[in-house]
Amino acid sequence: MPIANNTMRTTQILEIRNESPTVKTFVFTDRLCSKAKPGQFLMLWIPGIDEIPLSIMDTSNGIVSVSVKAVGDATRYMHTMQTGAIIGIRGPFGNSFTETRGRALLVGGGTGTAPLLFLAKQLSTKTDRLTFVEGAKTKEELLFLKQIGKICEYKNTITTTEDGTAGLQCLVTKPLSDVLDREHFDMIYTCGPEVMVKKIFEMTDKRKLPIEASLERLMRCGIGLCGSCVIGKYRVCRDGPVFTGAQLREIKNELGTSKIGIDGSKVPI
Amino acid sequence: MEQNRLTTNIAGLKLTNPTILASGIMGYSAESMDRVAKSGAGAVITKSVGIKPRVGYANPTIVQTESGLINAMGLPNPGIEKYVNEIKHAKTVLQVPLIVSVFGYSADEYAIVAKKAAEAGADAIELNVSCPHVKQTGAEIGQNPNILSEVVKKVKAETTVPLIVKLSPNVADIVVFAKAAVEAGADVLTAVNTLKALAIDAETMIPILNNIKGGLSGAAIKPVSLRCVYDIADVVDVPIIGCGGISNWRDAVEFLLAGASAVQIGTAVADDIKVFQSVNKGLETYLRKKRYENVKEIVGLAHRK
């Protein structure tokens, strides 16, 4: 199907789950997006309010889940919506993480954990061992701990919080250094705040380890036309959101440093 | 000899091929436009830039319909003061001509922005007098032949680079506007910008775009833009750039036959950024099969009686 023909369709919110004080998961039916691969995103229309890009967190039998953090006007409004409310969906858009059969390390920060949970589910049947490192500001903001623990086994799960209320009191990058020196991984996957992604890229690049990172940018069209989400020569919505180590190296001057702002000028991150 | 067969010249702008990135598509950063150039475009056009920064509209800024795409971005841009740096940077990176698209709320504003863009290194200026979704600029300028004429004259007086005027199809008779623009000093005409359009969601019973109305592009408008090029070619002598729904070499050939000297491609970039390459390849093969030495030879041939 030509991407321009991926027209918006409306659907009802079937279920809303509280994941943390600031994150809710919304569940709905959508045939096209239920076939999405981990890493892909969709554009979700909040009628009369806004349209926002969201990573797909789970799919099964026509059902799709996305996790939304209340950070701006649109997402705060979405948190007030009830089951039965109508939303619009376009997508799935963008590329996806590539599967590895070897040992995988997943590193998630904040809501960046959502697409990695989707990936972990898919990898769990194919790899012998998954290690998950998750970081958040506080204990309450550590997302999907039970599900991650089940998939990766608790012994292969490391958690960090900035305030020390759970796991190690540090940034997610701190234990990573030891993990990378101690064990061999065939692929490192990461998603989260860009400053974190940049640090993890530098750590893997130094050790010559393969990495795939999902990036986030201001998005308008979602289909590679408007230029809002450009980083270097790449469009996050169309060429990403998942980028390889080689690509991250090409855009390292902008990675974690600057982005295109709402008026099209480069602004610091 | 692919290069030679596709080489053309539009009012002094030397192009290695007649495909051009349309304004509004990926055109903020030098790196982005360079990627399009390396994907085969013979020239690139920036997003429209004005005198002051504009954030544009909230989403949804596009609606994908069965027959085309409606957008109302709202002319987001950093303003010419900041953007001159990107123009200068782009000129050090690009190996194809850089055309800067300009909009304003008055003839003076158009002239100031165009002058600054040209001084920063723009190889040509394209006047956006046809954006259908921002009040008091774009189409509201280009839908009045007197104001259109005043804007073109002012810009022409302030700049020496080739001046392209992008016309609106949302008028009763586009020929009137083509003539007005050329008489006022336009060196080239682009035909056409998007068609004013609307999408309503049946379920929620409201318009989908944040701005309610937007501009329709893509395959749906090709027969309309093709007719506009054909009509304009009958009455003006300046080169015409065809724009609206071009996504493959056959579309490009049709526009050339209708009287266009080059074509702009925009919406088709969503499906494949390499569309420029594939159009050029197909066009080259077409010209060879039809035994033409250069693309210029087929411009306007459909007008033969």
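A strand here is a DSSP run of E with at least two residues, and strands are numbered from the N terminus. Strand E2 of chain A, residues 23–29, is one such run, and Thr25(A) lies in it. The model is predicted.

**Thr25(A) and its surroundings**

- Thr25(A) has 0% relative accessibility, so it counts as buried.
- Which residues does Thr25(A) contact, leaving aside its neighbours within four places in sequence? The list is Glu15(A), Ile16(A), Arg17(A), Glu19(A), Met57(A), Ser65(A), Val66(A), Ser67(A) and Phe144(A).
- Glu15(A), Arg17(A) and Glu19(A), which are among those contacts, are also linked in a network of salt bridges.
- Gly222(A) is 197 residues from Thr25(A) in sequence. In space, the C-alpha atoms of Thr25(A) and Gly222(A) are 21 Å apart.

**Chain A as a whole**

- Chain A contains 18 strands and 6 helices.
- Its C-alpha atoms fill a box of roughly 50 × 40 × 35 Å along the principal axes.
- A compact globule of 269 residues would have a radius of gyration near 18 Å. Chain A has 18 Å, so the two agree.
- Of the 269 residues in chain A, 60% are buried.
- Take the contacts in chain A between residues at least 6 apart in sequence: 64% of them join residues at least 24 apart.
- The accessible surface of chain A is about 11,000 Å². Carbon and sulfur atoms account for 50% of that surface.

**Where chains A and B meet**

- In this interface, 40 residues of chain A touch 41 residues of chain B.
- Together the two chains bury about 3,100 Å². Of this area, 56% is on carbon and sulfur atoms.
- A salt bridge joins the side chains of Asp239(A) and Arg35(B), at 2.6 Å from N to O.
- Val55(B) sits in the loop between strands E4 (43–45) and E5 (62–64) of chain B. Its relative accessibility is 43%, so Val55(B) counts as partly exposed.

**Helix H2 of chain B**

- Arg35(B) is one of the buried residues of H2(B).
- Why is H2 of chain B, residues 30–38, described as largely enclosed by the rest of the structure? Because 7 of its 9 residues are buried.
- Just after H2(B), Gly40(B) takes a positive phi of about 115°.

**Salt bridges within the chains**

- Side chains of opposite charge can pair when their charged atoms come close.
- Over all chains, the count is 28 salt bridges.
- Glu153(A) pairs with Lys155(A), with the closest N and O atoms 3.1 Å apart. Glu153(A) is partly exposed, because its relative accessibility is 43%. Lys155(A) has 66%, so it counts as exposed.
- Lys115(B) and Glu119(B) form a salt bridge at 3.8 Å, N to O. The two residues are 4 apart in helix H4 (residues 107–120) of chain B, so about one helical turn separates them. An α-helix has 3.6 residues a turn, so residues three or four places apart point the same way.
- Glu119(B) is exposed, at 58% relative accessibility. Lys115(B) is partly exposed, with a relative accessible area of 35%.
- Asp251(B) and Lys222(B) form a salt bridge, with the closest N and O atoms 2.8 Å apart. This pair links distant parts of the chain, 29 residues apart. Asp251(B) is in helix H9 (residues 249–258) of chain B, and Lys222(B) is in helix H8 (residues 222–235) of chain B.
- Are Asp251(B) and Lys222(B) buried or exposed? Both Asp251(B) and Lys222(B) are buried.

Note on methods
Residues are numbered from 1 along each chain as its sequence is written. Chains are lettered from A and ligands numbered from 1 in the order in which they are written. This is a predicted model: local features need pLDDT of at least 70, side-chain atom pairs count only at pLDDT 80 or more; totals for chains, interfaces and linings use all residues. Side-chain values use heavy atoms; hydrogens and water are left out. Buried means under 20% relative accessible area, exposed over 50%, partly exposed in between (1.4 Å probe, protein chains only). A salt bridge is a side-chain nitrogen of Lys or Arg within 4 Å of a carboxyl oxygen of Asp or Glu. The radius of gyration is taken over C-alpha atoms; the globule rule is 2.2 Å times the number of residues to the power 0.38. Contact means heavy atoms within 4.5 Å. Accessible areas come from the Shrake-Rupley method with a 1.4 Å probe; for residues, only the protein chains shown count as cover. Buried area is the accessible area (1.4 Å probe) that two parts lose on being put together, summed over both.
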